[in-house]
Amino acid sequence: MKKRLLRNRYLKAIGGILTGITFVSLYLPIIMILILSINDSSRGYAWEGLTFKWYLRLFTDDIMREPIVNTVSIAILSTIISTILGTIFAIGIHSLEKKHRIRMMIMNNVPVVNPDIVTGISLMIIFSILSFTLGFGTVLIAHIFFSLPYVVLNVIPKLKRLDPNLYEAALDLGCSRFGGVWRVVLPNISTGILTGALIAFTMSIDDFVITYFTSGNEYMNVSTWLYAALAREGRSSLTPVAYAYNTIIFLMTIVIIVFVNLKKERKERTA
Amino acid sequence: MSKKLIELRHITKRFGDLTVLDDFNFYINENEFITLLGPSGCGKTTCLRLIGGFETPDAGEIVFDGKVINDLEPNQRLINTCFQKYALFPHLDVFDNVAFGLKLKKIAKEEITARVKATLKLVKLEGFEKRSITTLSGGQQQRVAIARAIVNRPKVLLLDEPLGALDLKLRQEMQYELKEMQKTLGITFVYVTHDQEEALTMSDTIVIMNEGEILQIGTPEDIYNEPKNRFVANFIGESNIFDGIMHEDYTVEFCGKKFACVDKGFAENEPVDVVIRPEDFDFAPPSKAKIVGVVDSLTFKGVHYEINVLVSGREYTIHTTKYREIGDRVGLAVDPQNIHVMKKEHR
């Protein structure tokens, strides 16, 4: 009996250590970036006192303003467009016969599992065949392209859980087909649409590979700009402003994830 | 006589290779409470969905008030539906659920409020306006679903097994209330159920269906007392069904004995099905009775006993208020008018 207790204690300790190591390796890099973003030193990693000036410079410096504006505007636009299109696609796919529906879902899932580099290069090839000038337009199309399947994936399960009679009841009470979707289907799948939109937004804001291949020489978002700076001048060129930017993006992602999970939990409790 | 409001003419409906309704014909009179009754999968819900406009027939015509409405969308029909699982809108409260149809018709706000309130009163849900749908019990949700449909003052209300999910007591209460509502509102009710007791209690007319075909149409009394064939007799109430031979008018032989009956018009020595309802048997002294057997089992059912009597290897089911011990030798008698003779089904 005593032996068993002892063994349990050892197992518990080992489990604790492993958990600790996992968390440290997951979060240490992020914490490092966070610390560097409030470190009053423009070069090197030595601590030289607390400051928030890098955050301020993020908004006042000309050097990073353009990439940030590009990143955010692409993220917002591609989120809006892919959410609208993805919701329409999902409703369409859901109302297909089972055989066709499964085929469409496979087609939808291929871009999701496709490596970014393949997606990026193939989009680049298509754009150059169509002789599109690489820049804002092509990046926007590429971002819509890769975030759209995620919206579909988040909306479909909500549609599946919806009582098919709800839409018919709306028609029965006087709605047109479109009115029925607008007044009854959309309000009841709104959480799926919102989750899809948030995922699309985070996907767009932290994308590097696909943007790199579709943006050309002039147009840059933050990640391609950072990469270019690194390639040009080495690590010393990494201004702490970039750390500040990364921290903000990280915090935004955290907020979005917490929000999505809370929303999900509340839904499950009421359902 | 009342006029025909809805008519289904030669309706055929297929889902893939499966023919659900085949050359289906019947009509519904104005202000009638008509029930489509049949086992699950007999096509009764499909029939309702055709009338509601949620399915289109592959052949045939649906006529409403003299006009063919095959191509009308559900929202263009003066028909409302009460769905099996209610299909209430979970994102709206009770008031907005009931007001849904009226708001679409662009009716003045005050009138909407007044009509919703009056309808909620009718279904005994006063004061529930602001309640969320998810907090309601099954019976209350059922009432909201009915209110949501009748507030639009449809000519016809379609009800698809609306009481299926309720417990027995509540179901009986709602049966009565639905019937009352139908009378006061003067709306034609088309009701779908597989519960024969419900159908007998509520309907003016019952349509018995099986495998996409109509077997019998009639008043509850007609169908109970004069079932057209073995299936109907079995489906409506419990029955003892025997193979018999019609020797001549008013004389039928079954179980090796000849009985007087009230049926005529069969061919000489035509094989027939004979139906005797369990409550139509009476005990008689074994010395005088044509049928003599031994009590095999006995179940107390509240109002009556259900007694199974074994007669030369065959069980007869009898409902009676009289008590007999298991093992008792009993004679059975039946009045001539309670012997129902039916043509054999040719299948």
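In this predicted model, chain B is divided into two domains, with domain 1 covering residues 4-230 and domain 2 covering residues 238-343. The C-alpha centres of domain 1 and domain 2 of chain B are separated by 39 Å. Where these two parts of chain B meet, five residues of domain 1 are in contact with five residues of domain 2. Sorted by class, the side of domain 1 of chain B that touches domain 2 of chain B is made up of three charged residues, one polar residue and one nonpolar residue.

As for confidence, chain B has a mean pLDDT of 89, and 99% of its residues reach 70 or more. For the model, the scores are ipTM 0.81 and pTM 0.78.

We can turn next to the meeting of the two chains. Here 19 residues of chain B are in contact with 15 residues of chain A. On the side of chain B that touches chain A, β6 (79-82) and α2 (94-104) of chain B each supply at least two residues. The element that gives the most to this side of chain B is α2(B), with three residues. By class, the side of chain B that touches chain A holds eight nonpolar and eight polar residues, together with three charged ones.

Two loop residues of chain B deserve a look for their backbone angles. B:Lys124 sits in the loop that links α3 (109-122) and α4 (138-150) of chain B. Its phi is near 60°, a positive value in a residue other than glycine. B:Lys124 counts as exposed because it has 12 C-beta neighbours inside 10 Å, and the cut-off for an exposed residue is 12 or fewer.

The other residue is B:Ser312, in the loop between β17 (305-311) and β18 (314-320) of chain B. Phi of B:Ser312 is near 35°, again a positive value in a residue other than glycine. With 9 C-beta neighbours inside 10 Å, B:Ser312 therefore counts as exposed.

The buried residues of α11(A) are A:Val222, A:Ser223, A:Thr224, A:Trp225 and A:Leu226.

Definitions and conventions
Residues are numbered from 1 along each chain as its sequence is written. Chains are lettered from A and ligands numbered from 1 in the order in which they are written. This is a predicted model: local features need pLDDT of at least 70, side-chain atom pairs count only at pLDDT 80 or more; totals for chains, interfaces and linings use all residues. Helices (H or I, at least four residues) and strands (E, at least two) are DSSP runs, numbered from the N terminus. A residue is buried if 20 or more other C-beta atoms lie within 10 Å of its own, exposed if 12 or fewer, and partly exposed in between; C-beta atoms are placed from the backbone. Two residues are in contact if their C-beta atoms, placed from the backbone, lie within 7 Å. Ala, Val, Leu, Ile, Met, Phe, Trp, Tyr, Cys and Pro count as nonpolar, Asp, Glu, Lys and Arg as charged, and the others, Gly among them, as polar. pLDDT is the predictor's confidence in each residue, from 0 to 100. Domain bounds come from an automatic or database domain assignment.
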